[in-house]
Amino acid sequence: MLMSSSPVASQGFLLEALQIRKTFGQTEVLKGVDLQVKAGELVFLIGPSGSGKSTLLRCCNRLEEPTGGTLKLNGTDLLARSTDINEMRRKIGMVFQSFNLYPHLTVIGNVTLALRKVMKMPKAEADARAIENLKLVGMAEKALSYPSQLSGGQQQRVGIARSLALNPMMILMDEPTSALDPELVDSVLEVIKSLRDRGMTMVIASHEMNFARNAADRVVFLENGLVVESGTAEQIFTNAQHERTRQFLRQVRH
Amino acid sequence: METWNRFVFTFFNADIAWRYWPTIVEGLWVTIAAGLLVVVTGVTCGMLLASLRTLGIRALNIPIILFVDIFRALPPLAIILVIFFGLPNVGIVLPSLVVLWTSLGAVLAAFSEEVFWAGITSVPPGQWMASRSTGMTFGQTLFHVILPQAVKLAIPPLTNRTISITKNLALGSAIGVNEILGQANSALSMSSNATPLTMGAFLYVLVFAPLILASRMLERRYQWGGH
Ligand SMILES: Nc1ncnc2c1ncn2[C@@H]1O[C@H](COP(=O)(O)OP(=O)(O)OP(=O)(O)O)[C@@H](O)[C@H]1O
Ligand SMILES: [Mg+2]
């Protein structure tokens, strides 16, 4: 059978962010960062606090407006005036450090809100889709609970289901486990692992180095708004080229 | 005993009460109608202004903030008198009930804008981000994510404000609105007895007690997930 020649196949990259710059007032937080992600890849974004990881992730779906650079998802120019960014955003899921579930809605309400309002799905269909995705993260039994009744790990899994339900092409995760009690971290990492195994493309800013070693296809080390080094997990963790990278990895290991 | 009888005769005179209750009940309906008008328009306008303010457009925010600050600073009676006695000079004559309604409505709009705005700004920015990241528009996010949370925070201060501002309906008696106090006052001068005022006071309690109860219920209803 002939494979349809999708832009992904022809260009190789699902997300292509080139020379991304971001300035807040006087300070340049991103100084020309390249981030290229292939379909199905899990890219880990590491770097010291304040290096610009969150800002870079937010630039990728224009929650922060990049002040320079080019940004493409599956060949579509995300910075073009003619691009409907709301339309594109639902193809880029986002998961947050502090979960950011809507406290006034139940778990299923959290997952269905965008299905109903953005995708204009009828309630029954949205509910079915939500349950299906809550099952994937092991949270279907809690569909009628409110976020405040859940543990952090459970909330984060609902957060993942919320973006998953929109059928995104990829998911950005900003320190998905760093607000969690240690004993709850694994439940979330397992979900991320299962997404990876199902071929979901993900960019994750995280300090979970052991997980990165096992699961990441590529690791990008960011410092002071610049990519210092990027390579396979193997390369970065055992054979980093830059002293600065090795130093950072030594620090986070304890 | 003598003083006690005089006290009862002055404030709780059954004959007087019997004679004047129809007039005072008429005032009750006027108070309720005017109160509903003030609350509905005031709170709606307040929420609308607070929502407009989230757009962050300077040309819009400056007049909103000016309006809010002025109407919070002015004594309601001053506003009522200025509109009632001032506007006719430029050819606009409004019925006294309309003057009462717009004056207090504007005051309530100003205070509730402030309360809603405080509610909106105390919703964590992560809520905006989460919603926008799923493709929800600014308006959808405001309406479905931010306002429900802001309203919850706003309800206790808002009900207090609403009650204290609607009490100013009694000021309507100064411009001839036939609300409870106005009616009780004319009954007082006709009968030379304070019983109509007692009845008026009783009716005010009757009107405002349900409001206070309703606010309690609303507060409870909005405590989702028990925190
Ligand atoms: N809205 C903003 N206004 C001004 N400065 C900002 C803003 N957001 C981020 N910054 C600055 O940009 C820099 C990068 O922040 P960012 O949050 O992207 O770093 P990070 O790598 O995610 O750090 P962390 O590991 O602490 O989360 C920091 O110096 C921060 O103070
Ligand atoms: Mg960060």
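In this predicted model, chain A and chain B bury about 1,900 Å² between them, and carbon and sulfur atoms give 63% of that area. The contact involves 24 residues of chain A and 19 residues of chain B. Salt bridges between chain A and chain B number zero. Polar contacts are found, however: six residue pairs across the interface, with both residues at pLDDT 80 or more.

On the side of chain A that touches chain B, helix 3 (85-89), strand 6 (92-95) and helix 4 (107-117) of chain A each supply at least two residues. Helix 4 of chain A gives the most, with three residues. Sorted by class, this side of chain A has twelve nonpolar, six polar and six charged residues.

Two or more lining residues come from each of helix 2 (14-54), helix 7 (138-166) and helix 9 (195-221) of chain B. Helix 7 of chain B gives the most to this lining, with five residues. By class, the lining has eleven nonpolar residues, three polar and no charged ones.

The second largest pocket has a volume of about 250 Å³. Residues of both chains line this pocket: Arg62(A), Leu63(A) and Arg89(A) are among them, as are Trp117(B), Trp128(B) and Arg132(B). Helix 5 (96-121) and helix 6 (125-133) of chain B each supply at least two residues of the lining. The lining of this second pocket divides into seven nonpolar, two polar and three charged residues.

Definitions and conventions
Residues numbered from 1 in each chain as written. Chains lettered and ligands numbered in written order. Predicted model: local features only at pLDDT ≥ 70, side-chain atom pairs only at ≥ 80, totals over all residues. Heavy atoms only, no water. Contact = heavy atoms within 4.5 Å. Buried area = accessible area lost by both parts, 1.4 Å probe. Salt bridge = Lys/Arg side-chain N within 4 Å of Asp/Glu carboxyl O. Polar contact = N/O pair within 3.5 Å; in protein donor to acceptor, adjacent residues only side chain to side chain. Helix = DSSP H or I, 4+ residues; strand = E, 2+ residues; numbered from the N terminus. Nonpolar A, V, L, I, M, F, W, Y, C, P; charged D, E, K, R; others polar. 1 Å grid on protein atoms, 1.4 Å probe; cavity = no way out; pocket = protein on both sides within 12 Å on 5 of 7 lines; lining within 4 Å. Points joined across faces, edges and corners; volume = space filled by probe spheres on them.
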